[in-house]
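Trainee: Please pick one part of this model and take me through it closely. I would like to know how its pieces sit against each other, and then how the rest of the chain looks.

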Amino acid sequence: MPRPQEGQVIDLLLASRRLLDPGTLPHPEHVVDHPSARVVLKAIWASAMATLTTGTNSVSPDLVQVLQAVKELDERLLLDQIASQDRALQRVRAALAMLGETKSCSTLLDTAATTACSLGFDRSIVSRVADSLWIPERVHVDKDEMWAREILAVGRSTPQQLNGSIVETEMVRRRTSILVDQVQDRPGVHKEIAEASMSRSYAAAPIVVHGVVAGFVHVDCYYQQRNVDQLDRQILTMFTEGLGQALTRTMVLDELGTIRRDVDELSRRLAAVRDEGDSRVLWGHEDDVDEAPGDIRRSRPSGGVDHFLRSAPVDPTLTRREVEVLRLMAAGDTNSRIASRLVISEGTVKSHVKHILRKLGVANRAEAVSHWLRSRHDVQRERVQAGDGRR
């Protein structure tokens, strides 16, 4: 809130405390932003109206003037708050446009923390979630790069287990943003980061990629000396939704780039065979050929199995959570490992597995995975046959 408006609210509050019962009115230090200022004005109005309705003497002109001032100031604050929200939405659109210009995941993550602060925050932390661990990756502090490095070092040296003991676990379970106040005294926060950052309150939102929480974005308003509010939470939620979509897009671009490099390398090797007539390749002894540093088999991404599992067709009778469990089963994870990855109990995993077996009509986990992966090959074969038919 602009300083002149803050001063007007405080002056009116002090004048009201002289006319009304001070015990019914807030302290001036409670005026920190538009919502709190309007709460103060509402308290002044209620106290003044109570005095008017219960008083036996004639109506005080000063009291009437206070009521008129409350009404006029509240209307100005409301209009200014709406204008502030509109400016905030414009900043979100500009930030998402910046994210849309990035071409790779690494570049996107490098700029995400800075872009988050452009929404009107002073500091931001971009983190990843891996094996139920919260691990900070980027920290941006608007006015102090060294402080940002210190906070990042503290966060990386003390990764937190998302097992329900800290409030960030809710973002994984519910895929929703959170608002945390009284950080220094509140249990369930990352104590080391809280102490290193001296944060009073913060908002945080999950980064969702392919339906899974892949990370978090935390923000606060330390230099502005104000607590984050519901509008900040909504702004951050919109930003992280766009960030998740941008990450999904850039992951595809990265994969396509890897495929393009593989195709180029394959074309180079085929050209070498055609030009030089390497007999070992011609006679099917390609495995005997010494692999050069840039050989295609060395450069193939390690995530191929995971990509295959994610791209396998999904049985329409399965719920989204059952599909997640089935994919992790196909990757070879135990019930305990699946529970850790999805931040649920092992008993819940067993219940999901039971439902999967029943819906697929199979007797055990191995048959479930086989049934699911076999459907992938059937789809691929149908596509090939359809392509042959068109030719």
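**A helix pair up close**

Mentor: Helices α12 and α13 are oblique to each other. Keep in mind that this is a predicted model. Now the numbers. Helix α12 covers residues 320-330, and its axis crosses that of α13 at roughly 130°. The two axes come within 10 Å.

Next, look at who touches whom. From α12 come Arg-321, Glu-324, Val-325, Leu-328 and Met-329. From α13 come Ile-338, Arg-341 and Leu-342. Sort these residues by class. Five are nonpolar, three are charged, and none is polar.

Stay on α13, which runs over residues 335-342. Find Asn-335 in this helix. Is Asn-335 buried or exposed? Its relative accessibility is 16%, so Asn-335 counts as buried. The cut-off for buried is under 20%. Follow the side chain of Asn-335 next. There is a polar contact to the side chain of Arg-365, at 2.6 Å. Leave out residues up to four places away in sequence, and Asn-335 touches Glu-346, Val-349, Lys-350, Val-353 and Arg-365.

Helix α1 spans residues 3-19 and helix α2 spans residues 34-54. Their axes are 11 Å apart, at an angle of about 25°. Angles under 35 degrees count as roughly parallel, and α1 and α2 are therefore roughly parallel to each other. Their crossing is left-handed. On the α1 side, the contact is made by Gln-5, Val-9, Leu-12, Leu-13 and Ser-16. On the α2 side, His-34, Ala-37, Val-40, Leu-41 and Ile-44 take part. By class, that gives seven nonpolar, three polar and no charged residues.

Helix α3 covers residues 61-100 and holds Ile-82. His-34 and Ile-82 are 48 residues apart in sequence. In space, their C-alpha atoms are 10.0 Å apart. Ile-82 has a relative accessible area of 47%, so Ile-82 is partly exposed.

Two loops deserve a stop. Ser-132 sits in the loop between β1 (123-130) and β2 (133-141). Its phi is near 65°, a positive value in a residue other than glycine. Ser-132 counts as buried, because its relative accessibility is 3%. His-210 sits in the loop between β5 (202-209) and β6 (212-220). His-210 is not a glycine, yet its phi is positive, about 55°. His-210 is partly exposed, with a relative accessible area of 46%.

Finally, step back to the whole chain. How many helices and strands does the protein chain have? There are 15 helices and six strands. The chain has 391 residues, and buried ones make up 39% of them.

Conventions. Residues numbered from 1 in each chain as written. Predicted model: local features only at pLDDT ≥ 70, side-chain atom pairs only at ≥ 80, totals over all residues. Heavy atoms only, no water. Axes fitted to C-alpha atoms, helices over the stretch in contact; angles between N-to-C directions. Helix = DSSP H or I, 4+ residues; strand = E, 2+ residues; numbered from the N terminus. Parallel < 35°, antiparallel > 145°, perpendicular 65-115°, else oblique. Left-handed = near helix turned anticlockwise from the far one by under 90°. Contact = heavy atoms within 4.5 Å. Nonpolar A, V, L, I, M, F, W, Y, C, P; charged D, E, K, R; others polar. Buried < 20%, exposed > 50% of the residue type's maximum accessible area, 1.4 Å probe, protein only. Polar contact = N/O pair within 3.5 Å; in protein donor to acceptor, adjacent residues only side chain to side chain.
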